[in-house]
Amino acid sequence: MIRASCHCGAVVLEVDSPPVEVTDCHCSICRRYGTLWAYYAPERVRVLPSDPPTDVYVWGDRTLETHRCRNCGCVSHWVAIDPGVDLMGVNARLMDPEVLSAARTRYSDGP
Ligand SMILES: [Zn+2]
């Protein structure tokens with residue numbers, strides 16, 4: 001079981017398997033956050049607590065909610081606003097460094 005935790009520990013995400021690949025997204029928001037995204041089907045991610053103490057940022061075409069810990073500010077994950085989208089992003093920067101270094105990194109450009 002792989003855990004991703006914000007710095008203060010208030011927001012934890014658990015997944016059953018480590019990411020094979022993480023995405024280094026260079027869209028206008030992710031390049032500022034410095035996130036590395038591991039993509040999972042939402043049912044494979046446990047968000048703890050289920051209603052995490054996060055603030056949410058939504059921009060542009062309003063497809064994603066990006067969550068950050070209200071206490072320590074770490075960007076933890078994004079969820080699709082459209083419930084039909086079977087994908088969510090976990091910030092792999094919050095996983096153990098060994099987990100992150102075992103994954104290959106994919107560069108992505110975006111709006
Ligand atoms: Zn925190």
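Which residues form one aromatic cluster? Select Trp 37, Tyr 39 and Trp 78, and you have the cluster on screen. Keep in mind that this is a predicted model.

Start with Trp 37 and Trp 78, an edge-to-face pair whose ring centres sit 6.5 Å apart, with 70 degrees between the planes. Colour the strands and you'll see that this pair links distant parts of the chain, with Trp 37 in β4 (residues 37-40) and Trp 78 in β8 (residues 75-80), 41 residues apart. Both Trp 37 and Trp 78 are buried.

Tyr 39 and Trp 78 make a tilted pair, at 6.0 Å centre to centre and 55 degrees between the planes. Tyr 39 lies in β4 and Trp 78 in β8, so this pair ties together parts that are 39 residues apart in sequence.

Buried or exposed: how does Trp 78 count? Its relative accessibility is 9%, so Trp 78 counts as buried. Tyr 39, at 33%, counts as partly exposed.

Last stop: the largest pocket. Select Cys 25, Cys 27, Cys 30, Trp 59 and Leu 64, which lie nearest its centre among the 18 lining residues. The space in this pocket comes to about 380 Å³. Switch to cartoon and pick out α1 (30-33), β4 and β7 (64-69), each of which supplies at least two residues of the lining. Colour the lining by residue type and you get 11 nonpolar, four polar and three charged residues.

Conventions
Residues numbered from 1 in each chain as written. Predicted model: local features only at pLDDT ≥ 70, side-chain atom pairs only at ≥ 80, totals over all residues. Heavy atoms only, no water. Phe/Tyr/Trp six-rings, centres within 6.5 Å; stacked < 30°, edge-to-face > 60°. Helix = DSSP H or I, 4+ residues; strand = E, 2+ residues; numbered from the N terminus. Buried < 20%, exposed > 50% of the residue type's maximum accessible area, 1.4 Å probe, protein only. 1 Å grid on protein atoms, 1.4 Å probe; cavity = no way out; pocket = protein on both sides within 12 Å on 5 of 7 lines; lining within 4 Å. Points joined across faces, edges and corners; volume = space filled by probe spheres on them. Nonpolar A, V, L, I, M, F, W, Y, C, P; charged D, E, K, R; others polar.
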